[in-house]
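This briefing goes with the sequence and model shown below. Please look at both before reading on.

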Amino acid sequence: MGDSMALSEGELRKALGRRLAAIRKSRGLVQEDMGGWDINPRYYARVERGEVNVSFEKLVTIAHALDTSLAHLFLVPFESKRALATNADELLSVLLPIIEK
């Protein structure tokens with residue numbers, strides 16, 4: 001990512017993890033509740049800490065568990081005042097490299 005405003009892979013994982021935690025907490029859920037969606041709570045905790053790469057399929061499951069859309073996970077600004085993506089084209093540019101790995 002040559003753009004100085006772009007997030008590094010590690011920053012992307014951490015920003016996504018913070019977003020997931022915020023959504024989960026806003027729903028009144030704890031990490032252990034993710035087990036009901038066949039998501040190991042220990043694994044999910046590592047996702048929220050930005051320690052692991054999440055597969056596209058697992059992100060879809062997490063979005064369902066949190067009763068939100070996959071796009072919503074990426075279209076919301078974070079505390080850095082930068083958004084992971086601001087429109088569909090940018091969202092695709094963020095997701096495609098991850099999906100293609």
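Which residues are linked in a network of salt bridges? They are Arg46, Arg49 and Glu51. The model is a predicted one, and the points below go from the whole chain to single residues.

**Overall make-up**
- The protein has five helices and zero strands, so the order of elements from the N terminus reads α-α-α-α-α.
- Buried residues make up 35% of the 101 residues of the protein.
- The protein exposes about 6200 Å², and 54% of that area is supplied by carbon and sulfur atoms.
- Taking contacts between residues at least 6 apart in sequence, 55% join residues at least 24 apart.

**Helix H1**
- Helix H1 covers residues 9-26, which is 18 residues.
- At 1.5 Å a residue, H1 should span 26 Å, and its end C-alpha atoms are 26 Å apart, which agrees.
- The buried residues in H1 include Leu12, Leu16, Leu20 and Ile23; Arg19 and Arg24 are also among them.

**Salt bridges**
- The count of salt bridges comes to four.
- Arg13 forms one of them with Glu9, and the closest N and O atoms of this pair are 3.4 Å apart.
- Arg13 and Glu9 are four residues apart in helix H1, so about one helical turn separates them.
- Arg13 has a relative accessible area of 26% and is therefore partly exposed; Glu9, at 38%, also counts as partly exposed.
- Glu51 forms a salt bridge with Arg46, with the closest N and O atoms 3.3 Å apart.
- Glu51 forms another with Arg49, where the closest N and O atoms are 2.9 Å apart.

- Ala65 lies in helix H3, which runs over residues 56-65.
- Is Ala65 buried or exposed? Its relative accessible area is 10%, and because buried means under 20%, Ala65 counts as buried.
- Beyond its neighbours within four places in sequence, Ala65 is in contact with Leu29, Met34, Trp37 and Ile39.
- Gly35 is 30 residues from Ala65 along the chain, and the C-alpha atoms of the two are separated by 9.6 Å.

Conventions: Residues numbered from 1 in each chain as written. Predicted model: local features only at pLDDT ≥ 70, side-chain atom pairs only at ≥ 80, totals over all residues. Heavy atoms only, no water. Helix = DSSP H or I, 4+ residues; strand = E, 2+ residues; numbered from the N terminus. Expected span 1.5 Å × (residues − 1). Buried < 20%, exposed > 50% of the residue type's maximum accessible area, 1.4 Å probe, protein only. Contact = heavy atoms within 4.5 Å. Areas by Shrake-Rupley, 256 points an atom, 1.4 Å probe, with all protein chains shown as cover. Salt bridge = Lys/Arg side-chain N within 4 Å of Asp/Glu carboxyl O.
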